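Thank you all for making the time this morning. I would like to take you through one model, going from the overall fold to single residues, and please keep the display in view while I talk.

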Amino acid sequence: MANRRVEKGVKRGPRFEIEVDGENLVAYQGETVAAVLLAAGKRTFRRTAKRHEPRGMYCGIGLCHECLMVINGVPNTKACQTLATPGCRVETQKWRRNGPNTSPRKQV
Ligand code: FES
């Protein structure tokens, strides 16, 4: 797993793991979900509804909505504004006809 965190001169809080699309990623207390993903080299946070194009963090301050993910089962959650917590479950948001991350079988 890639680690793109600055190490020298940084004192971090307790270490824990979060699950992102079935993969465990290292997180530290006080980091946002977006920070954890970027530190692990993950750039795609969601896919667009029509063309399924990848999108990731853009503004980092909660304004652009490019970082929407399914976090702890809640779709349309801004990864840049959500603190990572131990046991947090995160999914890349993929749009389907009935909404984000719905099963194709549930479509009407
Ligand atoms: S990166 Fe813009 S709202 Fe999260």
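This is a predicted model: local features need pLDDT of at least 70, side-chain atom pairs count only at pLDDT 80 or more; totals for chains, interfaces and linings use all residues.

What follows is a walk through the fold, the sheet, the core and a few loop positions.

The protein has one helix and nine strands, and if you read from the N terminus the elements run β-β-α-β-β-β-β-β-β-β. The radius of gyration is 14 Å, close to the 13 Å that the globule rule gives for 108 residues, so by that criterion the protein is as compact as a globular protein of that length. Along the principal axes, the C-alpha atoms fill a box of roughly 55 × 25 × 20 Å. Buried residues account for 24% of the 108 residues, and among contacts with a separation of 6 or more, 40% are between residues 24 or more positions apart.

Let me turn to the sheet. Five strands form an open sheet of mixed pairing, and their order is S2-S1-S7-S5-S6. The edges are strand S2, residues 23–28, and strand S6, each of which pairs on one side only, and from one strand to the next the twist averages 40°. As a reminder, strands of a sheet pair through backbone hydrogen bonds, either parallel or antiparallel.

Which residues of S6 and S7 are the bridge partners of isoleucine 71? In S6 the partner is valine 74, while in S7 the partner is valine 90.

In soluble globular proteins, nonpolar side chains tend to be buried together. The largest nonpolar core here has 20 residues, and those touching the most other members are Ile18, Val33, Ala34, Val36, Leu37, Met69 and Ala79. The elements that give two or more residues to this core are strand S1 (15–20), S2, helix H1 (33–39) and S5. Which element gives the largest share of this core? That is H1, with six residues. If we take valine 36 as an example and leave aside residues up to four places away in sequence, valine 36 touches Ile18, Leu25, Ala27, Glu31 and Ala84.

Histidine 52 lies in the loop between strand S3 (46–47) and strand S4 (54–55), and its phi is near 60°. Is histidine 52 buried or exposed? Histidine 52 has 10 other C-beta atoms within 10 Å, and because a residue with 12 or fewer is classed as exposed, histidine 52 is exposed. Asparagine 72, in the loop between strand S5 (68–71) and strand S6 (74–78), has a positive phi of about 55°. With 14 C-beta neighbours inside 10 Å, however, asparagine 72 counts as partly exposed.

The loop between S6 and S7 holds the remaining two positions, proline 86 and glycine 87. Proline 86 is exposed, with 11 other C-beta atoms within 10 Å, and glycine 87 counts as exposed as well, with 10 C-beta neighbours inside 10 Å. Glycine 87 and lysine 50, which are 37 residues apart in sequence, are 32 Å apart in space, C-alpha to C-alpha.

That is where I will stop, and I am glad to go back to any part of the display.

Definitions and conventions. Residues are numbered from 1 along each chain as its sequence is written. Helices (H or I, at least four residues) and strands (E, at least two) are DSSP runs, numbered from the N terminus. Two strands pair if DSSP finds at least two bridges between them. Axes are lines fitted to C-alpha atoms, for helices over the stretch in contact, and angles run from 0 to 180 degrees between N-to-C directions. A nonpolar core is a set of buried Ala, Val, Leu, Ile, Met, Phe, Trp, Tyr and Cys residues joined through C-beta atoms within 7 Å. Two residues are in contact if their C-beta atoms, placed from the backbone, lie within 7 Å. The radius of gyration is taken over C-alpha atoms; the globule rule is 2.2 Å times the number of residues to the power 0.38.
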